[in-house]
Amino acid sequence: MRNISIQALALALVVTGATSRGAGQTGTGETVIQKATEQFENSPLKTTSLGEGMFMFSGDGGNVTAIVDDGNTLLIDSGIDSRVTELSEAIVKATMRPVTQLVNTHWHFDHIGGNVFFGSEGVSIIAQENVKKRLLSVQDVLANYGSAHTDGDTVIYIAPANVVVVGDIFSNHFYPIIDLASGGSIDGMIHSIDQILAQSDERTKIVPGHGPVATRADLQDYRDMLAQVRQRIQALIASGKTIEEAVAAAPTKDFDNKWGGGYVFPDVFTEMAFSSLVGNGASH
Ligand SMILES: [Zn+2]
């Protein structure tokens, strides 16, 4: 299962991996996956209460959110497959009941790894279009703002609790993966973030795909970083620079202290943003 999933992500990242390094070094796409997987397998699993019967579980892949209401426990995402037993136990401990239903923000291996396990336990895994009518209260909204991190990103608003689960459109706080081969783009990410900002207020709890629970100000900060890097790379493209020259120009330099500490290195992020802006990567 994990091999297939990693293979899928590796395929998705093949564009970013195109730049091979010196002798003995792997392509950037492969490095990102290795780094991320190592982190997901070795980080402690942490439970954070979001209030109103909601919990976030982090460390075992993308963030996992559990929402308890009368008869149901809805899970949003399911981490990586090798840690699903541990995740399941942490969920039962926090919510005092088993998961009944599961939805995914998008299809990447670190967000769907537990689906097979939960499916085998009788949990209904619900397709995006069915969630609204079958599961959430009328006040809750499931949204898709077009291609962003991938071409199938789901944003889930839990209105009564003023919580929004945004998946990998937002990494708090490190450079994101833009999955170009799956139809993702930097402009799409900025567009989606603008919609989420418009639906949020200063008390909204924003659950990112990775990293701690964030505020609207954190998301705004991330949006501003993306927009500035985008503008700089666009200028480099306009002046005829190649992708290697753009990386050498270090357009993310003054942001690297804050955003460069994750598994997406600054040069990898620059390559993804560059490819997105010149229209490479839309290979499907
Ligand atoms: Zn993802």
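The protein chain of this predicted model contains 11 helices and 10 strands. Of its 284 residues, 46% count as buried. Among contacts in the protein chain with a separation of 6 or more, 63% are accounted for by residues 24 or more positions apart.

One pair of helices may be followed in detail. Two packed helices are described by the angle between their axes and the distance between the axes. Helix H8, residues 216-238, packs against helix H11, residues 266-278, at an angle of about 65 degrees, and their axes are 10 Å apart. The crossing in which H8 passes H11 is right-handed. On the side of H8, the contact is formed by Val229, Arg230, Ile233, Gln234 and Ile237; H11 contributes Thr270, Ala273, Phe274, Leu277 and Val278.

H11 consists of 13 residues and spans 18 Å from its first C-alpha to its last, close to the 18 Å expected at 1.5 Å a residue. Because 10 of the 13 residues of H11 are buried, this helix is largely enclosed by the rest of the structure. The buried residues are Asp267, Val268, Phe269, Thr270, Glu271, Met272, Ala273, Phe274, Ser275 and Ser276. Among them, Thr270, Ala273 and Phe274 also take part in the contact with H8. After H11 comes Gly279, which has a positive phi, near 85 degrees.

Notes
Residues numbered from 1 in each chain as written. Predicted model: local features only at pLDDT ≥ 70, side-chain atom pairs only at ≥ 80, totals over all residues. Helix = DSSP H or I, 4+ residues; strand = E, 2+ residues; numbered from the N terminus. Buried ≥ 20, exposed ≤ 12 C-beta atoms within 10 Å, placed from the backbone. Contact = placed C-beta atoms within 7 Å. Axes fitted to C-alpha atoms, helices over the stretch in contact; angles between N-to-C directions. Left-handed = near helix turned anticlockwise from the far one by under 90°. Expected span 1.5 Å × (residues − 1).
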